[in-house]
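Here is a friendly note to read alongside the model. Please keep the structure open and look up each element as you go through the points.

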Amino acid sequence: MSKFFNETRTVRKTDSVPATANVNIQDLVSSLKEHMESNGAAASHSGQIDLQHLLQPLEESNEVASQVAAVRLENCRSIKLPRTEERSFLVSQYNPAMQAAVEAYRTLRTRLVKQQTRTGARSLVITSSAQGEGKTLTIFNLAICYAKIENWPVLVVDADLRTRGLSILAGDPESPGLAEILERDCSYQSAILRTDIPGLHILPAGETSASPSELFSGQKWKEFMGWATESFRLVLVDSPPALNLADFELIAASCESVMVVARARKTPRESLAKVLAQVDPRKITGVVFNAAEETPENGYYRYTAKAGA
Amino acid sequence: MYSNFYGLKQDPFRLTPDPRFLHLAEPHRNTLRAMVEGVVGRKGLQVAIGPIGTGKTTLLYCLQHILSHEATRERPLRSAFVVNPTLTPDELFEALFDELEIHASAPTKPARLRALHELLLASHKSNTAVVVIIDEAHLMPPELIEEVRLLMNLDNYPVNVLQVILCGQPELLPLLTKPELAALKQRISVVTKLRALTLTETRAYIAERLYVAGLRGESPFNTSALEEVFRLTNGVPRLINSICDHTLGVGFRRQLKKVGVDAVLEAAEEMGWEQPAPVASPESMAKTAS
C-alpha cells in the first residue's frame, strides 16, 4: 500500500452494512435496501439511471420532517376552509381570469424557497404600512402555494389579534387560538387547526381582552415560535401594520425574515420607506407590490427581492 | 443507555454509521441532492464548497454510497475518493487507479492514459459514469488541478462519462479563478455550497433525529437548552450530535425528564469544551452564503 493511500478510503460496492448496536435501524436498513435493490434491478433493465431511486434516501429524510409536525399535532382539531371567498386562491385557481394572480403567487413562492434554502429561515412575518394593503390575502394564498410542495408542512399564524383578518378568512374558527397560548398555558395542539388542504395548518388569533403588545412581549411568543419553526418547514405570520403599533416589532423579534406588502396606487412611498427603516435590514426578504396594473411587462402582482437582504 | 428513560427506541444521536440512512439536516440534504443530480445529469465537473466542520466529508461519503447503488454487476459504477490531494501528479494517478480498480500495463503516463481511455470507453458503452471525488481540493497545488483538467480532456464522449467533484473550503473558488486555470473554470457546471445550520435548523434537526429514534411525545430539551446547544456548536451537525448525546446522558443520570441549560453545560464540561466550537469565521460564512 502506497504511503498516501492509507489516507484514501474506498467504499466497496457491496451491500454490507457495518455492525451497529441499533437493532431497529438495522431492520429499517434491510427493508429499505430490499426496496432499493428491487428498484435498482428494474432501472438496470432500462439501461437508464433512475434518479428517483437514487434520491429515495433523501426523500425518506424529507418525509421525516413532515412527520414530526404530523405527530406533534396528531389530536388537533380539523377545519374545512370556506370556498366562497372570491379573492381566495382556493376558488380562483379554477377561475381563468385569476390565472395571472395564481402565477404571481407561484413565482413569489419559488423565489422565497430559493432564499429559504440559502438563508435557512423557516419563519416569515408579513406586514404592511397600513390596513387594507393585501397582506392577509397574500399570506393565505402564499401558504396554499407552499402546501402544494410535497413534504413542506406550513403553519399560518394570525398574529393580528386586533382585526383577526386571517381567522375570518379561514371561516372564523372557535377559540382557543394564539391569544390563549400567549395568555394562558393553552396547549399548542388544542389551538392549531388542521385544514382540509394537506400540509396546511392554521393558528387562529383567538380571543383576549389583554393588550396584544403585552402578550407578544412575553417569553411565550418566543417559545411558541421556536416550537413552530422546528415542527414546520415554514411558519407564515400575519402581523398588524408596522406603523403606529408596537405589536409588529415584538412579533418580528422572534421571526427570522420579514416581507412587506405595498399596494399599488395606495401605499405612500414615504410610508413604505418608514416601514423598511423600522425592520432589521438582515431580516428583510422582499417587498410584494400588490394589485399592480396588468401589462405585458409586469404581471398582476410583482415581487422584488431586496438587494443585499 | 438513556433511550428507554426518554421513550426512545434507539440512541438518536448515534445512528447507524451507514451514511445512506443517516438522517441529514435539511441544508445537507439539499446539497447532496444537487450533487447526485449533477452526476446523474452527467454535468462533468462539480465544485462543492463549505467552511470547516460543516460536514463536507460526510456528505461526500453519502454521495459515494448513494451512487454505488446505481451500480449493478452488468453496469459497474467506478468511483474514486481522494481525501488527501497534496500529491504529485504521479501519486494522484496511482491513487486514482487504485480506487478505480484499474491497472496500467506499465507505470508510465502513456500506459496510464490508455488504461483510462479503455475504462471511459467501457463505461460509455454501458452507459455508466466514472466518478472521481477529491476532498480538501483547496489544498491542491495548481499543477495537480491542471492534471485534473487534462484527465477531463480524455472524455470526448457526447455525454460526459467522467464526473469530477472537487470539494473544499470556500477558498477553493478563488483558487479556480486564477488565469492559468481558466480552462478548468469553464468546465465547472455545478457549484454547491454547504453552510452550518441556523438555530431553527439546529432545532429541527434535533427534533427529526429524536423522531427517527422513536420519540412521539414532547422533546426532552427545553428552549434554552436548544439555544445553548446551538451556541456551543455553531450549528455543526457532528458537534450537535455529540453534545445532545452527552446532554441526554447527564439528564438520565440526574433523572431529568426535561433537560435545560445546566445539563448542556455539564455535558460540555465533561467533553472538555470550554468555548463555542471553532467553525468558519463570519467572513468565510458570508462568502459561502453569497
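1. Strand β2(A) and strand β7 (residues 257-263) of chain A run parallel and pair over 5 bridges. In this pairing, A:Thr127 has A:Val260 of β7(A) as its bridge partner. Two strands are said to pair if DSSP finds at least two bridges between them. Helices and strands here are DSSP runs numbered from the N terminus, helices being H or I with at least four residues and strands being E with at least two.

2. Before going on, please note that this is a predicted model, in which local features need pLDDT of at least 70 and side-chain atom pairs count only at pLDDT 80 or more, while totals for chains, interfaces and linings use all residues. Residues are numbered from 1 along each chain as its sequence is written, chains are lettered from A and ligands numbered from 1 in the order in which they are written, and side-chain values use heavy atoms, with hydrogens and water left out.

3. β2(A) also pairs with strand β6 (residues 234-238) of chain A, in parallel and through 4 bridges. As background, strands of a sheet pair through backbone hydrogen bonds, either parallel or antiparallel.

4. How many residues of strand β2 (residues 123-128) of chain A are buried? The count is 6 of the 6, so the strand is largely enclosed by the rest of the structure. Buried means under 20% relative accessible area, exposed over 50%, and partly exposed in between, with a 1.4 Å probe and protein chains only. Both faces of β2(A) are covered, with A:Ser123, A:Val125 and A:Thr127 buried on one side and A:Leu124, A:Ile126 and A:Ser128 buried on the other. In a regular strand the side chains alternate between the two faces of the sheet.

5. A:Lys135 is worth a look next; this residue is found in helix α6 (residues 135-147) of chain A. Its relative accessibility is 5%, so A:Lys135 counts as buried. Leaving aside neighbours within four places in sequence, A:Lys135 is in contact (heavy atoms within 4.5 Å) with residues including A:Ile126, A:Thr127 and A:Ser128, as well as A:Asp160, A:Asp238 and A:Val261.

6. The axes of helix α3 (residues 56-72) and helix α11 (residues 219-231) of chain A come within 8 Å and cross at roughly 130°. α3(A) and α11(A) are therefore oblique to each other. Angles under 35 degrees count as roughly parallel, over 145 as roughly antiparallel, 65 to 115 as roughly perpendicular and the rest as oblique. Axes are lines fitted to C-alpha atoms, for helices over the stretch in contact, and angles run from 0 to 180 degrees between N-to-C directions.

7. A:Leu51 lies in helix α2 (residues 51-54) of chain A and is partly exposed, with a relative accessible area of 28%. Not counting residues up to four places away in sequence, A:Leu51 touches B:Val36, B:Glu37 and B:Val40.

8. Turning to chain B, there are 12 helices and 5 strands, and 60% of the 290 residues count as buried. An open sheet of 5 strands has the order β2-β3-β4-β1-β5 (chain B), with parallel pairing. β2 and β5 (188-193) of chain B stand at the edges with a single partner strand each, so one side of each is left without a neighbour in the sheet.

9. Strand β3 (residues 130-134) of chain B is mostly covered, with 5 of its 5 residues buried.

10. Finally, α5(B) lies across β1 (45-49), β3 and β4 of chain B, running at about 160° to β4(B).
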